[in-house]
Each structure stands twice: as C-alpha cells, then as structure tokens.
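Please look over the sequence and the structure shown below before reading on.

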There are 2 protein chains.
Amino acid sequence: MPTRITGVQVRDIRFPTSRELQGSDAMNADPDYSAAYVVLTTDSARGLEGHGLTFTIGRGNEVCVAAVNAIKPLVLGRSLEGWTANMGLFWREITGDSQLRWIGPEKGAIHMATAAVVNAVWDLYAKAEGKPLWKLLADMTPAQLVACIDFRYITDALTPDEARAILERNQSTKAAREAEMMRDGYPACREGLAAGWSHFKMKVGRDIADDVRRAGVIRAEIGPGRKLMMDANQCWDVGTAIENMKRLARFEPWWIEEPTSPDDVLGHAAIARALEPLGIGVATGEHCQNRVIFKQLLQARAINFCQIDSCRLGGVNEVLAVYLLARKFGVPVCPHAGGVGLCEYVQHLSIWDYIAVSASLEDRIIEYVDHLHEHFVDPVRMRNGRYMPPTAPGYSITMKAESLDEYEYPGGKAWR
Amino acid sequence: MPTRITGVQVRDIRFPTSRELQGSDAMNADPDYSAAYVVLTTDSARGLEGHGLTFTIGRGNEVCVAAVNAIKPLVLGRSLEGWTANMGLFWREITGDSQLRWIGPEKGAIHMATAAVVNAVWDLYAKAEGKPLWKLLADMTPAQLVACIDFRYITDALTPDEARAILERNQSTKAAREAEMMRDGYPACREGLAAGWSHFKMKVGRDIADDVRRAGVIRAEIGPGRKLMMDANQCWDVGTAIENMKRLARFEPWWIEEPTSPDDVLGHAAIARALEPLGIGVATGEHCQNRVIFKQLLQARAINFCQIDSCRLGGVNEVLAVYLLARKFGVPVCPHAGGVGLCEYVQHLSIWDYIAVSASLEDRIIEYVDHLHEHFVDPVRMRNGRYMPPTAPGYSITMKAESLDEYEYPGGKAWR
C-alpha cells in the first residue's frame, strides 16, 4: 500500500528573539527566529507525518509561507513510494514547475519553501523506514545516493560517476565510523566561552577599531591553542574585507566567515588569495542559494570551509550534491546552525558526511547555539561539546504542538 | 509641500497567454504572462500616482504580491522628496530591512517585489517632474546619477568616481543624441521574420538535431546579412552548451543566449572562451538576480552582451549600476523584453543609455514582441523596427483600469 500525501499544512511560526537580541550581528540587527513550518499528512495506517521547516528571521516568513502554498499542488496526492523510487526525479519535479521557476530559479523565497517541503518528505521517508535521517542516508548504497541528486548545472565539476566513486571509497569502513559517532558524537563550535569547547566565534564588521579591540580580549581569554573564527555577516566590500582582515590577522583567526556578498564568487576568490599567506581561511555558505553557487566557490578555490544551510539550499537532495562537490575539491563542510531548528537539521548531515563521504573530522565542526531547542520533540543532545547522534526516526525537526500554537504569527499567545 | 505616499496597492494580474502558447520555449513551457502590479497613491494636489510592476509567468505571482506587501511598511507615509533628495539611501532602505533581507538578499521574490515598488517610485518621480523616465535620467548630472546607485559589493569593479567619469565623458553631446532618438528611435529585434527587421531570434535547447534543422531553414530564409540570435533558455550544462554551439556555428549565430544556469558565472566564462574562436557571443541576464552577478559576469569576461531585466534587478537604481558596469567593461546592454510591460520599461533605459552612457548603438538592440501592449495607457510605439521615445511623463507602465479589472487573478472576468 503506498503512503499518499493527503494534506499539506503550512504555519507561520515566529519566536520574538529580537526582544532579547539573541543572535544579532552587524547585518541582522534584530532577528525574530522564525520558521515556515510544513506538515505533510498521509493516509498511512501508522499515522505517519512528514515535518519540515525553512528558517527565516521574522518579517518575510509569510512570503515563504505563500511560496509553500504555491508548491502545494506539486505534492498533494502524490505517494512517498513514488518519490523514493526516483528521488532525483522528485527533486526535478518539485523545482521544475515551468511557471514557479521564474521567481527563482532555485533561489530566494521559492527555494527556501522548496527546502521546507523537500525536508518534510525526507522526514516522512526516514520515519517510514524507522531510522533517523543520518542513518537512512548512511545505509544507502552509493548508487542510491547518486540517484537522489540532480546533476543539472554541475556536471562540469562533478559527474554522477565521480560522485559514486567518492562514496565507494569509504563504503567498507562505514560501520566503524558509525560506532564512533554513537560513542563520541560530532564536534561542535559555539559563540562565546565555555569549558570543554575548542572553537569560538566572534562577530566583526560594525567597526574595525572595535573589532581589533575585542579580538585582542577574546584571544587573550581563550589562549593561543583554541580556534577563533570571525564572522563579518557580509558587511564588507572585497577591498575592505582584505584590508580589515590584514589588521585582524595578528589574532590568528582560523577563518573569516561571510566577508562579502554571498553572491560574489570572484570576490571570495580574491579575498581567499589575499588571506592565504596570512593563514586565514575563508568560510561562507549560509546565504548561498544553491549548488551552482557552491560549485563555483569550489571551482574558484574561493572558500576553505563550506557552510551549507540546510534550508536555504532546497533540502536534502541538494545538500547531498554540495557535500559531494566539497569532497571532490577537498574542502570541509561546516554547516550553518543556530537559528531555530538548524542544529536539529544539520547534525544529521554532518554525521552522514563523516560516515559515508569525508571519513574525516579534520577541520570540521557544526555550529551550536543553545536556544530554542526546548520547542522540539527530539532536540539535539550535546555531550562534551559534541553532538550526539539522534536515534528517533526522522529528521528531528518536529516541533511540539504547544510551541506551534503559542508562537504562531500573528495569532499565537506570544504575539497577541 | 512634500508628496506623501498615502497608500500602496498591489494586485495579482495574469494574462492567460498559455492558452495560445505565446512565448513558450524549452524551459518555460506554458507561461501566463503576469504582473504583481503596484500603485502608490499620494496626497499630491495633482493626484499623482506611481505605478510599477514586476513580471512573472503565472504561478508564483502571488508570492511576489506577498513580498510587495512585506515591503509596504518601508514605503507608506514616506515622501517622494525625501527619497529623491538621496536616491542611494532610498535604495539602501528599501533593500536593507534587517529581517526581509534574509529571504534574499537581493534575489528571488523579495527582489522582484522590490523592483515593482522601486519602479513605481521612479514612475511617480518622473510624473512629478513632468518627464518620461528616460528624459528624467538623461537630464540628471553625472553626480546626481551616481548618487542614485548603491555601490555596495561592486567597488572592486566600479567606484563612484569611475562611474562619474564615464557619465562625464559624453555629457556635452547629449542633446544631439536626444534629438537623434526623437527622430529615429532605438533599434529593436524580434522573434520571427518581418520586413524592415535586421535581427532575428530562434529558440534552441529542446533537441539539437531539430535545432540544427531549424537553424538551417531560418538562415536560408533571412539570408547571410541579417543577424541570427539563438536562445537556449538555460537548458544546457556547460559542456553540452559548448558541444551544441559548435554544431550550430555554421549558421553563424550572433549570440547564444542563456546557454546555462543564470547563476553560473564561471560556466558562462568557459562557454564564452570556447565560442570566441567561432565568432559566437554569449548573452545572458534576464534571470540574473542583481548587480553582484552582473559584476562578476563582466569581470570574468563571461558575456559579450548584457541582458538586464528591468524588474528582476531591483528597479531603476540597480539597473543604472549595471549599465555603468557594462560600459566600464565595454559590453553592450541589450535588455530583456517581451512578457508584459518589459518593452514599455526598457525602452526608457536603453534610450537613456544611448544619450548619457554608451553614446553608441553598435551591437545594441532592444527585444520586441508584439503582444499585450494594448493593455497600457502609453504603449510602445514602433516605427521601422525601432522604438520611438515615449513622451508622456512617467515610466510607461500604467495599465488601463479595465485591463486590470478583467485580468485580476483569480477574480477577473478572464479567469472566472
């Protein structure tokens, strides 16, 4: 019996985080961490549902909700098994509507909405298989994984055969890494200072003199051994980024994150070339719209760290493509997290990456921010600064019913 | 007395063009030419209104409508004179909302909505000055034009001083070119064959054997002297684009348009390098999201023709930036038109370009498609295959009230 999609609900969920200025930075002054939250209901006798969300920072969340509603007809009435038999085709169908494509293609609100829906389908798939998403992916054969990916526009950098070869390389040793993950977890970094953490991040970009002052304080505090990341949140033009990072180089930043526009492949490449002699890496990706931009960042040697976002890319299928591209170019993936739900999402991706793709933890971390996890049914579990692998079936993104009700915008109690 | 914005209305206008397959191609199978149509009402004693639209091809138009509504609070209650005193700041404010920015930045539905609003402001500005938009722009000093542009993220390719120098170069001879435009108009190209036209465009990308066959027929029909453009509408990967254009080279295409993903700067550069020895230029831009992408296409020498879209770029301010970037890199701008309203919009831009920026018509044309013009109050006027400069004040995008009522989706008569 196929599992058919009988309903697509989307809700506008917003947390009033700007009241406490959680997560503010030079570019994003007052975020209200928000989600266009999707539930796929089915006719499954087990009552299976697929949950997914796309993350925004407040205003504009309703635009993503409208975009999910635009995608709804592509999903309603379809069967999970029809999709999982050919996941590449599923992706092509959900991103290929000949009219919707115009308002992307594969970028902006429509692509973020695609992520919410695609991730909900993967959540449903993992629940149907009784596995956490990372395990579902880790158990797939190389051929099955490759079949999930739309190679359109990336074959000049990665062919299906190359992707398959990358996956086959570490196939026989997956079990050992899975056991290691279950035992030790995946390393995290966090903003601010705390015992047991080895990576710290500071915001820069508002004022270079103040950035220099604070970098000095922080480096003195964490000592020379720990890694310090800097995040400019797109504040700078290319030339300014280079000048300012030369001034900050003496505090030995491990990377500069989002030094300029996320659309600027050549700009990132120029910055990377200028900072390489100083030992500073370039990291970007949380605002990079799709696999075509990541392909170019990698081809141009513009990034040393690839920071995919699990719901700005159009969901799991496209994320798989970028992890494999990054692997081909020898660049570690350190996914963007924080916000609401991003930590829950990306732990699955990086754990799968370690087991099936990279087989390495070198230079790899997942961001960690300690808020809003209480709204999730199966929140992240941290131990000694590491993400412990989820064990419940699905993609860990299901939110508590009472949280959804309380934070629904504008009718929920938190907003009334 | 300042002119204050008292209302922002946005309507979902769709023309059922898919019923007759107007404008279909390999990627866009069944477009319903549509517009998120914006009216800014004011407290002006003259009853001034600003009209603007963003063009879509049907489904998803409602997402752009939602995005216009998200922008509305940034506009309502503001004064035209406050904006025109500092147009660069106006742009920064309307694209810089710290929360809305997340669902772009400056791309997709939110940026297309920005265009509708920004263009409505320019329409209002031109009406207030009693000039057609091209004349408003042509009468500005270089300093005034430069002040309209947000140079964020493009200073590594074009500084304000360089932009000013470009504009000053042809300042003293503007009057002669304006007179020439009024007399002769601006050259157009069109799809299909007709007397008096020198440029023709054919669609390719569905099937290369059929493309070769049709190219042979068309070249035989138009003879060796006229220019033949080919448009692949993003159908190909980089390698395929190069292979297929080598097969089509014997029909002497002037350019290949949209050979691959509009996000792929490096891909376009590879294609341009491969096709240069064959004498085939690369054209792209109708799907290029913002000035940062155009900057890179120009820096990488990836395009020989720059095809800006007047409402995918975020409106006049950003369009000015791209024309000046293109001028610096010596690349002619041939704007995307067709659809609904695009011909009405872009004639202003190219006429201004000729008068104030390029001072050249070489390798420059505006697309022309002969449909839906009857819905405009001040439609384009063609003479001998040339656009004749509009004379009515504004940006020529005001639609007839009865057309708006009839084609409003889903309630208008055309859709009931």
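In which loop of chain A is A:Pro105 found? A:Pro105 is found in the loop between helix H3 (87–95) and H4 of chain A, where helices (H or I, at least four residues) and strands (E, at least two) are DSSP runs, numbered from the N terminus.

This is a predicted model, in which local features need pLDDT of at least 70 and side-chain atom pairs count only at pLDDT 80 or more, while totals for chains, interfaces and linings use all residues. Residues are numbered from 1 along each chain as its sequence is written, and chains are lettered from A and ligands numbered from 1 in the order in which they are written.

In chain B, a cis peptide bond joins B:Gly104 and B:Pro105, and its omega is about -15 degrees; B:Pro105 is found in the loop between helix H3 (87–95) and H4 of chain B. A further place to look at is A:Leu372, a residue other than glycine whose phi is positive, near 70 degrees. A:Leu372 has its place in the loop between strand E10 (366–368) and strand E11 (381–383) of chain A. Most residues other than glycine have a negative phi, and most peptide bonds are trans.

**Chain A as a whole**

The secondary structure of chain A comes to 15 helices and 12 strands. Along its principal axes, the C-alpha trace of chain A spans about 65 × 55 × 45 Å. A compact globule of 416 residues would have a radius of gyration near 22 Å, and the value for chain A is 20 Å, which agrees; this radius is taken over C-alpha atoms, and the globule rule is 2.2 Å times the number of residues to the power 0.38.

**The sheet of chain A and its helix**

In chain A, 3 strands form an open sheet in the order E1-E2-E3, with antiparallel pairing; two strands pair if DSSP finds at least two bridges between them. Its edge strands are strand E1 (5–14) and strand E3 (49–56) of chain A, each of which pairs on one side only. Neighbouring strands of this sheet are turned by 15 degrees against each other on average, direction ignored. Strand E2 (residues 34–42) of chain A is joined to E3(A) by 8 bridges, and the two run antiparallel; A:Leu40, for instance, has A:Gly50 in E3(A) as its bridge partner. Helix H4 (residues 108–129) of chain A packs on the sheet, touching E2 and E3 of chain A, and its direction makes about 150 degrees with that of E3(A).

**Two pairs of helices**

The table sets out two helix pairs, with axes that are lines fitted to C-alpha atoms, for helices over the stretch in contact, and angles that run from 0 to 180 degrees between N-to-C directions.

| Helix pair | Angle | Axes |
|---|---|---|
| H1(A) and H4(A) | roughly 65 degrees | within 8 Å |
| H7(B) and H13(B) | about 80 degrees | 10 Å apart |

Because of this angle, H1(A) and H4(A) are roughly perpendicular to each other, a description used for 65 to 115 degrees, whereas angles under 35 degrees count as roughly parallel, over 145 as roughly antiparallel and the rest as oblique. By class, the contact of H1(A) with H4(A) has 11 nonpolar, 1 polar and no charged residues; Ala, Val, Leu, Ile, Met, Phe, Trp, Tyr, Cys and Pro count as nonpolar, Asp, Glu, Lys and Arg as charged, and the others, Gly among them, as polar.

H7(B) and H13(B) are therefore roughly perpendicular to each other as well. Their contact is made by B:Glu162, B:Ala163 and B:Ile166 of H7(B) together with B:Leu324, B:Arg327 and B:Lys328 of H13(B), two residues being in contact if their C-beta atoms, placed from the backbone, lie within 7 Å. By class, this contact has 3 nonpolar, no polar and 3 charged residues.

**Where the chains meet**

The contact between the chains takes 52 residues from chain B and 52 residues from chain A. On the side of chain B that touches chain A, several helices each supply at least two residues, among them helix H4 (108–129) and helix H10 (238–248) of chain B. The largest share of that side, 6 residues, comes from H1(B). By class, the side of chain B that touches chain A has 22 nonpolar, 19 polar and 11 charged residues.
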